[in-house]
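Hi,

Here is the structure I promised to pass on to you. Have a look through it first, and then read my notes below.

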Amino acid sequence: MRIYIPTRGRPPSEQHTWHNLGEEVRGKYSATLLVETQEEAEALSNFTVQVTGASGIVGARRWVVDNSPDHKVMMLDDDLKSWAVRTPEGKYIKANFVDILYGMDAVSLLLDTHAHSGIGFRQFANNKPLVDTDTKALRALAYRVDVIRKEGINFTLPLMQDFEMTLELLTRGYGNAIYYGIVQDQSASHTKGGCSAFRTVELLEKCARELQQRFPHCVKLRKADGWGLGERTDVSVQWKKAAEYEQ
Amino acid sequence: MNSNMLDLFMYYVNEREAVQRRREAGLVAPWTLDPILRNHHFCHNRREDDRGTKEIRAVVRDYLCEVSSLPWVYTMARLFNHHLTVRTWLSEGEEAVKLNRDVGCKIFNTAYLVSTAGEAIDKVDYVARVVHEVAKLEVPRTSCREAFETLRSVKGLGSFLAGQIVADLKNDRYLVGVPDWETFSVLGPGSKKGLDYIFGPGTTERTYEARIDLLDKITEGKIPKLHRQDLQNTMCEYQKYVKYKMGLGGRQRRYP
């Protein structure tokens with residue numbers, strides 16, 4: 001498995017995901033930052049960087065599907081600041097690099113039997129089983145790109161393309177398995193850099209509506225607030241229902 | 001079904017859990033008023049909380065053991081059941097284990113006995129042979145049951161040890177996400193007695209699954225949530241508790 005971290009507009013000191021992974025994880029899983037331009041690569045000269053020439057997060061994800069030499073990939077958001085490991089009692093405590101390494105190992109193993117996987121997210125994680133199936137994946141997304149290629153699909157939406165791919169695969173009969181032995185979190189959403197550079201109310205609405213139109217049986221539109229954008233259109237997804245549906 | 005014995009089982013599990021919580025909270029002993037729990041050794045309800053398991057896990061973490069090596073590493077770990085021996089083997093090899101033994105170091109933990117099945121052979125060589133045999137195997141990652149059956153086919157690994165190794169593999173990446181992660185367990189002599197106390201005589205390999213399933217259902221919400229191997233293990237500890245309570249004798253391990 002290879003780890004890719006699409007990044008945009010974040011200086012070396014704010015490469016939280018990269019730093020938090022630790023050297024062992026980065027080495028074992030060939031962690032690579034993905035940037036659009038040579039100029040951005042030069043600003044990150046002390047990192048392992050790949051210039052994709054592809055625009056935006058969706059471009060970077062498409063590049064991974066089209067170019068990864070390894071069939072198993074993990075794509076991590078670049079602002080994952082905190083990682084926590086599950087105790088035998090189901091509580092979470094701060095993770096160290098071995099916990100993160102074990103988590104990556106687990107996801108890599110899950111990709112032997114599932115087309116998509118990922119590392120769980122902290123919110124509401126306490127009630128989750130160790131491995132949750134046919135469910136939401138967020139920020140730490142793992143895929144079998146050979147399956148994606150075989151299905152002839154790819155990421156297309158400029159925003160919410162993580163939901164898009166999960167829905168595409170679930171509705172084609174490929175269940176997912178999200179590992180909750182460790183969980184990740186970001187410090188805040190919509191911080192400077194990353195998707196915040198182009199995320200607007202209008203674009204969010206456009207992407208939400210497209211998702212709803214493509215998967216009407218399991219995606220509903222709803223109004224949400226936050227991110228300093230005012231009221232915006234978001235989606236509610238019934239993941240299990242998506243998995244039961246056959247395209 | 002004997003409802004008194006079922007109630008006693010639920011009492012045992014909950015009180016054992018309470019002992020652990022009180023101890024972890026930093027309270028001073030005694031952590032229970034129950035004289036049996038106070039004076040005898042009982043494993044934790046969750047095997048992952050046991051000191052021996054934690055110590056072995058810590059060694060495996062220190063050596064950043066690769067997933068593919070875990071079956072033989074945990075086979076070796078459970079045959080010695082002693083974390084210092086596991087550390088010695090991983091850092092210096094099996095000959096170093098023999099050297100340690102020859103100078104008087106303890107290399108086996110006596111929680112359970114590992115024999116050479118009557119064979120006249122150095123015990124470390126015997127362990128090494130079993131470990132190398134497992135290293136040659138492709139232990140399936142498709143289910144706990146298949147991994148168990150494969151391990152059990154190795155000469156020197158009976159049902160008990162194979163079950164112990166599967167418990168390690170499922171809690172350390174190797175068997176992550178397999179469909180029977182929650183429900184796999186195997187009958188042992190202790191859990192047979194425990195189930196017999198509750199359901200009456202007749203716990204056999206054939207009736208075991210139905211009985212432990214039923215136990216899981218009727219205790220749901222009344223005891224802490226345990227996966228099936230932990231429930232089976234707890235049943236084994238419970239029969240020890242009953243034995244002490246009824247003065248039935250047998251091997252006793254006192255606490256501390």
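Let's begin with one residue, A:Trp83. Leaving aside residues up to four places away in sequence, A:Trp83 touches A:Asn20, A:Leu21, A:Leu76, A:Ile93, A:Lys94, A:Ala95, A:Ile100, A:Met104, A:Ile119, A:Ile182, A:Val183 and A:Gln184. Please keep in mind that this is a predicted model.

A:Trp83 also belongs to the largest nonpolar core, which has 81 residues. Together with A:Ile3, A:Leu21, A:Leu76 and A:Met104, A:Trp83 is listed as having the most contacts inside that core. Helix 5 of chain A (residues 97–110) gives the most to this core, with 9 residues. Another core, of 49 residues, lies apart from it and includes A:Ile57, A:Ala137, A:Phe198 and A:Val235.

Now for the place where the two chains meet. On the chain B side, 17 residues are in contact with 18 residues of chain A. The area buried between the chains is about 1,500 Å², and carbon and sulfur atoms give 62% of it. Of the area that chain B buries against chain A, B:Arg61, B:Arg173 and B:Val176 supply 41%, more than any other three residues.

How many salt bridges are there between chain B and chain A? The count is 4. In one salt bridge, the side chains of B:Arg141 and A:Asp112 meet at 2.1 Å, N to O. There are also 6 residue pairs in polar contact between the chains. Helix 1 (3–24) and helix 3 (51–62) of chain B each supply at least two residues of the side that touches chain A. By class, that side of chain B has 9 charged, 6 nonpolar and 2 polar residues.

Enjoy exploring!

Methods: Residues are numbered from 1 along each chain as its sequence is written. Chains are lettered from A and ligands numbered from 1 in the order in which they are written. This is a predicted model: local features need pLDDT of at least 70, side-chain atom pairs count only at pLDDT 80 or more; totals for chains, interfaces and linings use all residues. Side-chain values use heavy atoms; hydrogens and water are left out. Contact means heavy atoms within 4.5 Å. Buried area is the accessible area (1.4 Å probe) that two parts lose on being put together, summed over both. A polar contact is a pair of N or O atoms within 3.5 Å; within protein, one must be able to donate a hydrogen and the other to accept it, and residues adjacent in sequence count only if both atoms are side-chain atoms. Helices (H or I, at least four residues) and strands (E, at least two) are DSSP runs, numbered from the N terminus. Ala, Val, Leu, Ile, Met, Phe, Trp, Tyr, Cys and Pro count as nonpolar, Asp, Glu, Lys and Arg as charged, and the others, Gly among them, as polar. A nonpolar core is a set of buried Ala, Val, Leu, Ile, Met, Phe, Trp, Tyr and Cys residues joined through side-chain atoms within 4.5 Å. Buried means under 20% relative accessible area, exposed over 50%, partly exposed in between (1.4 Å probe, protein chains only).
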